[in-house]
Amino acid sequence: MFRRTLLTSTAALALLLPLATACGGDAEAESSSGLSSATLAVGATGWKNEEAVLKFAHLDDTPYKVKWSLFQGGDQQLQAVRAGALDLASSSEIPPIFAAADGKPNFEVVAVQRGTTLNQEVIVPKGSKVTDIAGLKGKKVGYVQNTTAHYFLYELLKREGLEWSDIDAKPLLPNDGLAALNGGGIDAFASYGTSVITAHQQGARTVGSGKDVLSGNFLWSARDSVLKSPAQRAAAADLIARITKAYAYIRDGREHEFAKVVAKATHQPLAQAEKDFRDAQAQRPTQARTVGDDTIASQQKVADAFTELGALKEKLDVKSFWSRALDTDLEKAL
């Protein structure tokens, strides 16, 4: 299963590589041309939520071109950025850490999107006798490697006095993990988003949550070529700001109507989709902000945890791949 997952991910990444030339562009050739000349290849995880939000709020009429690509996790988005197939990636705090671990990142974190930490859970299948995190000792536990799921599973185990070695940890992509959970290949699964939603629809129960473990900081990472291009840089700031404005538009009494879009995309009952959206926005309204010392410190804490875990070979100074290059444009756009 693990070999097939790796081959699938590699094949998917290979398909995206042709986008590098079409979407990344030559920064020098583009120089100071206007927004209309810019194209951004942007990643999305789970389903194309941001694209749907913009369309619903009538903010998808950008003067530049946006090409959305769907991934199962932010880690794959950062892999695509490293491969030159994406210009702008959205992820939790974790994927950029591993993408930069070799000391040669071709991207920088340029903005933070505050968001919900609901639907970040450790789940067990219907009929499982496991009722809490302590019950995972000695069990086969799937997790999405180098993502929030990896981090909150580790932190939840620590809170119960357990070591990572106390579980039989299995790195799996969300869809593969869900299949393994339902097929009996694993006893529990730490995941997020639509995979958690689907698992609950199939009778899964929650035994642990990342809700209060995670910071709620979701990062926008831009390829270096974007920051060198005035047009792409302005387009990136504008797009991030539009997403914030689109969520504000939905929160202004349009939750029920947008829930119909969510329900169709996630195959949820409408009532559940609306409740989940309202709960998420009540916990932490989705909105962007510029880079701050506090957001850098938050990611440093996470990176240090992965060093403790042994997932990173040595301490990583995360501020080395953060940039305030988008701050001025983003502040104006917001």
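Colleague: Leaving aside neighbours within four places in sequence, which residues is Leu136 in contact with?
Modeller: In this predicted model, Leu136 is among the residues with the most contacts inside the largest nonpolar core, a set of 62 residues. Leaving aside its neighbours within four places in sequence, the residues in contact with Leu136 are Val122, Val130, Val141, Leu153, Asp166, Ile167 and Ala188.

Colleague: Which element gives the largest share of this core?
Modeller: Val122, Leu153 and Trp322 stand beside Leu136 in the list of residues with the most contacts inside the core of 62 residues. The largest share of this core amounts to seven residues, and the element they come from is α7.

Colleague: What handedness does the β-α-β unit of β6, helix α7 and β7 have?
Modeller: Strand β6, residues 140–143, pairs with strand β7, residues 168–171, over four bridges in the parallel sense. Helix α7 covers residues 148–159, and together with β6 and β7 this helix makes a β-α-β unit that is right-handed.

Colleague: Which residue in β8 stands opposite Tyr143?
Modeller: Strand β6 runs parallel to strand β8, residues 188–192, and is joined to β8 by three bridges. Tyr143 stands opposite Pro171 in β7, while in β8 the residue opposite Tyr143 is Ala190.

Colleague: Is Arg242 buried or exposed?
Modeller: Arg242 is found in helix α11, residues 230–251, and touches Leu54, Leu59, Asp61, Thr62, Pro63 and Tyr64, not counting residues up to four places away in sequence. A polar atom of the Arg242 side chain lies 2.9 Å from the backbone oxygen of Leu59. Because buried means under 20% relative accessible area, Arg242, with a value of 14%, is buried.

Terms used:
Residues numbered from 1 in each chain as written. Predicted model: local features only at pLDDT ≥ 70, side-chain atom pairs only at ≥ 80, totals over all residues. Heavy atoms only, no water. Pairing = 2+ DSSP bridges. Helix = DSSP H or I, 4+ residues; strand = E, 2+ residues; numbered from the N terminus. Right-handed = clockwise from strand over helix to strand, strands pointing away. Buried < 20%, exposed > 50% of the residue type's maximum accessible area, 1.4 Å probe, protein only. Polar contact = N/O pair within 3.5 Å; in protein donor to acceptor, adjacent residues only side chain to side chain. Contact = heavy atoms within 4.5 Å. Core = buried A, V, L, I, M, F, W, Y, C linked by side-chain atoms within 4.5 Å.
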